[in-house]
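Welcome! Have a look at the model first, then try each task before reading on.

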Amino acid sequence: MSISFEIDERVAAIARRTTEFVRDVVIPEEQTCGGGDVHAGPEPLRRRLQEAARAAGVFAPHVGEEFGGLGLDLRDQAVVFEAAGRSLLGPLALNCAAPDEGNMHLLEVVATQEQKERYLRPLAAGEVRSCFAMTEPAPGAGSDPRALATTATRTDGGWRIDGRKWFISGADGAAFAICMARTSGAPGDAGGATMFLVDADTPGLKTVRNIDTLDHGLFGGHSEVVFEGCEVPDTAVLGAVDEGFRYAQVRLGPARMTHCMRWLGVARRAQDIALERAAERSAFGGRLAELGMVQQLLADSEIDIETSRAVLWRACWELDQGRSAAQHTSIAKTYVSEAVNRVVDRAVQVCGALGISGDTPLSRLYREVRPFRIYDGPSETHRWAIAKRAVRAAAEQRDAR
Ligand SMILES: Cc1cc2nc3c(=O)[nH]c(=O)nc-3n(C[C@H](O)[C@H](O)[C@H](O)COP(=O)(O)OP(=O)(O)OC[C@H]3O[C@@H](n4cnc5c(N)ncnc54)[C@H](O)[C@@H]3O)c2cc1C
């Protein structure tokens with residue numbers, strides 16, 4: 001199948017509706033929450049936005065039609081999520097924000113029919129929220145998942161989970177967690193992790209604190225949670241025992257790309273604010289937009305946005321073809337997360353003092369984009385993996401000669 005940059009009519013129409021919805025309904029709501037500060041998890045706002053998205057025909061674009069979504073593939077999601085991402089509240093409204101969106105994908109691919117009815121259906125409908133619990137405080141799992149220290153040990157008819165997780169987005173107020181726990185081997189081993197569906201009210205699962213962070217745009221914030229003698233039945237196993245690391249890749253490949261899509265919307269908005277300011281602000285007898293160095297800032301951001309979209313769409317296309325696409329998703333995640341930071345930073349610079357004030361959304365966006373260079377794999381971890389794959393591919397080519 002050839003790669004095409006055409007956007008089909010149905011997707012273009014959904015993207016258009018999303019753009020209008022974000023402009024007319026979502027952006028005005030930013031006033032009610034400091035530009036998109038939703039760490040406290042304001043439920044009435046989430047409900048209001050999601051109801052409006054449903055009415056506008058743009059709700060859950062990524063979810064299969066069987067579960068009430070629009071059934072878009074990743075390449076098509078890229079168009080719609082970017083439009084939604086123009087506001088920090090847009091993905092929340094469309095029910096395609098992290099971590100729920102990644103969890104929905106994982107459940108669609110891995111869960112049993114019974115688990116889908118119990119967990120995916122209400123999640124896709126926006127009735128409940130969820131979280132994904134993998135990262136642990138040192139010396140546990142972070143960039144290196146093999147350090148996974150949380151354990152799940154066999155009980156009569158189920159499992160007992162013990163461990164501590166942190167930076168678990170959306171945990172506060174989530175109805176359930178997807179928890180990664182070690183079911184064989186020891187920290188440092190590559191294998192032996194299993195995913196568990198843990199209801200929030202399961203005895204032994206506790207949120208111990210909500211972490212104070214630079215960003216405030218993710219609904220419910222980021223929490224530290226403890227599993228202490230947390231017993232779950234066999235039916236809580238998501239997929240197969242000891243296959244958790246493989247499923248993590250099923251979730252993470254696309255989830256990295258959907259983060260890129262949403263943040264690209266933020267970059268476009270920041271650049272549009274800079275363009276407007278450069279066109280209207282006069283200095284030294286002309287407009288800022290006529291000054292060469294400002295033009296360079298603006299041009300570099302256009303280049304960053306366009307190249308980001310190209311590597312992102314390529315990686316999405318690879319995933320849609322059913323390929324592993326690990327190299328493409330690593331390249332896209334690294335490039336887009338850094339490009340988005342550059343674009344927002346330049347927009348602040350073009351706007352001068354206005355850019356760091358609360359009079360435009362830029363200062364909020366500046367805070368929000370920084371963590372993206374860390375989660376879903378820090379840039380350095382991806383570069384390390386990209387180089388290793390490149391070296392291996394070169395060696396294979398040499399051997400084949
Ligand atoms: C806002 C936010 C939300 C998050 N949400 C979730 C969530 O919902 N669920 C969840 O499970 N986790 C979540 N995380 C955690 C996130 O996945 C981890 O922060 C990430 O995997 C990095 O792990 P770490 O923080 O332990 O960093 P470490 O593993 O301690 O790495 C620290 C630094 O070491 C360097 N480094 C690491 N590996 C290499 C390498 N191979 N080569 C060279 N340098 C390297 C990098 O500079 C890296 O930033 C979130 C994090 C943030 C910031």
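**Exercise 1.** Find which residues Asp376 touches, not counting residues up to four places away in sequence.

*Solution.* Step 1: two residues are in contact if their C-beta atoms, placed from the backbone, lie within 7 Å. With that rule, Asp376 touches Leu252, Ala255, Arg256, His259 and Lys333.

Step 1: look at one of these partners along the chain. Asp376 and Ala255 are 121 residues apart in sequence, and their C-alpha atoms are separated by 8.0 Å.

Step 2: Asp376 sits in the loop between helix 11 (362-369) and helix 12 (379-400). Helices (H or I, at least four residues) and strands (E, at least two) are DSSP runs, numbered from the N terminus.

Step 3: decide on burial. A residue is buried if 20 or more other C-beta atoms lie within 10 Å of its own, exposed if 12 or fewer, and partly exposed in between, with C-beta atoms placed from the backbone. Asp376 is buried because 22 other C-beta atoms lie within 10 Å.

A note before you go on: this is a predicted model, in which local features need pLDDT of at least 70 and side-chain atom pairs count only at pLDDT 80 or more, while totals for chains, interfaces and linings use all residues. Residues are numbered from 1 along each chain as its sequence is written.

**Exercise 2.** Work out whether Pro203 is buried or exposed.

*Solution.* Step 1: find Pro203 in the loop between strand 5 and strand 6 (205-210).

Step 1: count its neighbours. Pro203 is exposed, because 9 other C-beta atoms lie within 10 Å.

Step 2: check a partner further along the chain. Glu228 is 25 residues from Pro203 in sequence, with 8.4 Å from C-alpha to C-alpha.

**Exercise 3.** Describe strand 4 and say which strands pair with it.

*Solution.* Step 1: strand 4 covers residues 176-182, and seven of its seven residues are buried.

Step 1: sort them by direction. Phe176, Ile178, Met180 and Arg182 point one way, while Ala177, Cys179 and Ala181 point the other way.

Step 2: apply the pairing rule, under which two strands pair if DSSP finds at least two bridges between them. Strand 1 (residues 130-133) runs parallel to strand 4 over four bridges. Here Cys131 stands opposite Ala177, and Phe132 has Ile178 as its bridge partner.

Step 3: turn to strand 5 (residues 193-199), which pairs with strand 4 in the antiparallel sense over seven bridges. The bridge partner of Arg182 in strand 5 is Ala193.

Step 4: compare with strand 1, where Ser130 and Phe132 point one way, Cys131 and Ala133 the other, and all are buried.

**Exercise 4.** Show why the buried residues of helix 6 lie on the same side.

*Solution.* Step 1: list the buried residues of helix 6 (residues 113-124), which include Tyr119, Leu120, Leu123 and Ala124.

Step 1: these residues are on the same side of helix 6 because they cover an arc of only 120° around the axis. The arc is that of the directions from the helix axis to the C-beta atoms.

Step 2: see what covers them. The cover includes helix 5 (100-110), strand 1, strand 4 and strand 5.

Step 3: turn to the face away from the buried side, which carries the exposed residues Glu114 and Glu117.

Step 4: just after helix 6, Gly126 takes a positive phi of about 80°.

**Exercise 5.** Compare the backbones at Ala60 and Phe284, neither of which is a glycine.

*Solution.* Step 1: Ala60 has a positive phi of about 50°, and Phe284 has one of about 55°.

Step 1: Ala60 belongs to the loop between helix 2 (43-55) and helix 3 (74-84). Phe284 belongs to the loop between strand 9 (282-283) and strand 10 (286-287).

Step 2: Ala60 counts as buried because it has 26 C-beta neighbours inside 10 Å. Phe284 is exposed, with 8 other C-beta atoms within 10 Å.

**Exercise 6.** Locate the cis peptide bond that joins Ala138 to a proline.

*Solution.* Step 1: the bond joins Ala138 and Pro139, with omega about 10°.

Step 1: Pro139 lies in the loop between strand 1 and strand 2 (151-155).
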